[in-house]
Number of protein chains: 2
Amino acid sequence: VKGQVIMTSEELFAFTALNSWKLVTGRFEQGFAALTDEQMGNRVAPGKNRILYIVGHLIAVHDRMIPRLGLGERLYPNLDEPFVTNPDGTIPDPISVSDLRNAWFEINGKLTEALEVFTPEDWLRKRSDVTDEDYAKDPSRSRLQLILNCVNHISLHSGQLVLAKSVQLT
Amino acid sequence: VKGQVIMTSEELFAFTALNSWKLVTGRFEQGFAALTDEQMGNRVAPGKNRILYIVGHLIAVHDRMIPRLGLGERLYPNLDEPFVTNPDGTIPDPISVSDLRNAWFEINGKLTEALEVFTPEDWLRKRSDVTDEDYAKDPSRSRLQLILNCVNHISLHSGQLVLAKSVQLT
């Protein structure tokens, strides 16, 4: 999209939001991709969440975005219980570390693919978890808002991830 | 801006970005506003940055945005050395905790005020730290990009802030 193609203002807004999503998911990924399965079990700080819990948490939250963005059915609703509803350490891990890595790439690949072909109009459409009435009152309750919130949520957990000894971010 | 006013698509994109900035700065603020000056000296985790270092760090980084957004001169260039260039604990704190709190509100108040009157065109203008040549190659190197990056940076440190025992976020 760079270089020769002239974008409209709306397209530029959408392109910048897309880049923010890519940058932040890419950075988080870089934070855990180099870790061994054993290191994935380390805590970000004493008494705090394990790295793999945070990864599972983001997968579950991003999976929820699939229907909210109108992209179809969820792929991993079973990850809510262990990684969203309950705190770390209360439920046995429902998935191996290697399956967790695969789920990360599956979910985020699906989301990135969809966002890449969103028109500006698609970005500004109502999130499906907002009622018509609420959207009429506040038209910023759009998919764009959902994605910006999600990107901030990833950044929040990236900040925790970098506290773990084993994690190196450039 | 809500409710009766009909916004154009461009205005909606800008409004959503503005709301993201407000939401995220507000949350971070809520994280430290209720702390005593003594608690501001607590570390977010053993051996990690003090809360007040993180607050000073964000102030310095946001202060740098003033010229980058074309809003004039920096107010606190003296906070770079202690809160950006050097790690926590290497330089004596250059400012009292109460002055630090004031600086937070001063800098972010100034930025919010400016962003509130940005037109969509203002958001998409070149960041002043990007050359004309680089902007021509990649027109997403705009003020919008700078602000989305900044909002992610705040979120990153919010994630660390909430690890501190004394911090409560709703």
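User: How many salt bridges are there between chain A and chain B?

Analyst: The count is 0 salt bridges between chain A and chain B. Keep in mind that this is a predicted model.

User: How much area do the two chains bury between them?

Analyst: About 3100 Å², and 70% of that is on carbon and sulfur atoms. On chain A's side, A:Phe13, A:Asn152 and A:Leu163 supply 22% of the area that chain A buries against chain B, more than any other three residues.

User: How many residues does each chain put into the contact?

Analyst: Chain A gives 38 residues and chain B gives 38 residues.

User: Which elements of chain A give two or more residues to that side?

Analyst: Those are helix H1 (9–33), helix H5 (120–124), helix H6 (132–137) and helix H7 (143–161) of chain A. The largest share comes from H1(A), with 12 residues. By class, the side of chain A that touches chain B has 21 nonpolar, 12 polar and 5 charged residues.

User: Let's zoom in on A:Leu124. Is A:Leu124 buried or exposed?

Analyst: Buried, with a relative accessible area of 6%. A:Leu124 sits in helix H5 of chain A.

User: What does A:Leu124 touch, leaving out residues up to four places away in sequence?

Analyst: From chain A, A:Leu124 touches A:Tyr135, A:Ser142 and A:Leu144; from chain B, B:Ser9, B:Leu12 and B:Phe13.

User: Now over to the other chain: where is B:Gln145?

Analyst: B:Gln145 is in helix H7 (residues 143–161) of chain B. B:Gln145 is buried, since its relative accessible area is 17% and the cut-off for buried is under 20%.

User: And which residues is B:Gln145 in contact with, beyond four places in sequence?

Analyst: A:Thr16 across in chain A, plus B:Arg127 and B:Ser140 in chain B. The side chains of B:Gln145 and B:Arg127 are joined by a polar contact of 2.9 Å.

User: What about the span of helix H2 of chain A?

Analyst: For residues 51–68, 1.5 Å a residue predicts 26 Å, and the end C-alpha atoms are 26 Å apart, which agrees. Just after H2(A), A:Gly70 takes a positive phi of about 70°.

Note on methods: Residues are numbered from 1 along each chain as its sequence is written. Chains are lettered from A and ligands numbered from 1 in the order in which they are written. This is a predicted model: local features need pLDDT of at least 70, side-chain atom pairs count only at pLDDT 80 or more; totals for chains, interfaces and linings use all residues. Side-chain values use heavy atoms; hydrogens and water are left out. Contact means heavy atoms within 4.5 Å. Buried area is the accessible area (1.4 Å probe) that two parts lose on being put together, summed over both. A salt bridge is a side-chain nitrogen of Lys or Arg within 4 Å of a carboxyl oxygen of Asp or Glu. Helices (H or I, at least four residues) and strands (E, at least two) are DSSP runs, numbered from the N terminus. Ala, Val, Leu, Ile, Met, Phe, Trp, Tyr, Cys and Pro count as nonpolar, Asp, Glu, Lys and Arg as charged, and the others, Gly among them, as polar. The expected span of a helix is 1.5 Å times one less than its number of residues. Buried means under 20% relative accessible area, exposed over 50%, partly exposed in between (1.4 Å probe, protein chains only). A polar contact is a pair of N or O atoms within 3.5 Å; within protein, one must be able to donate a hydrogen and the other to accept it, and residues adjacent in sequence count only if both atoms are side-chain atoms.
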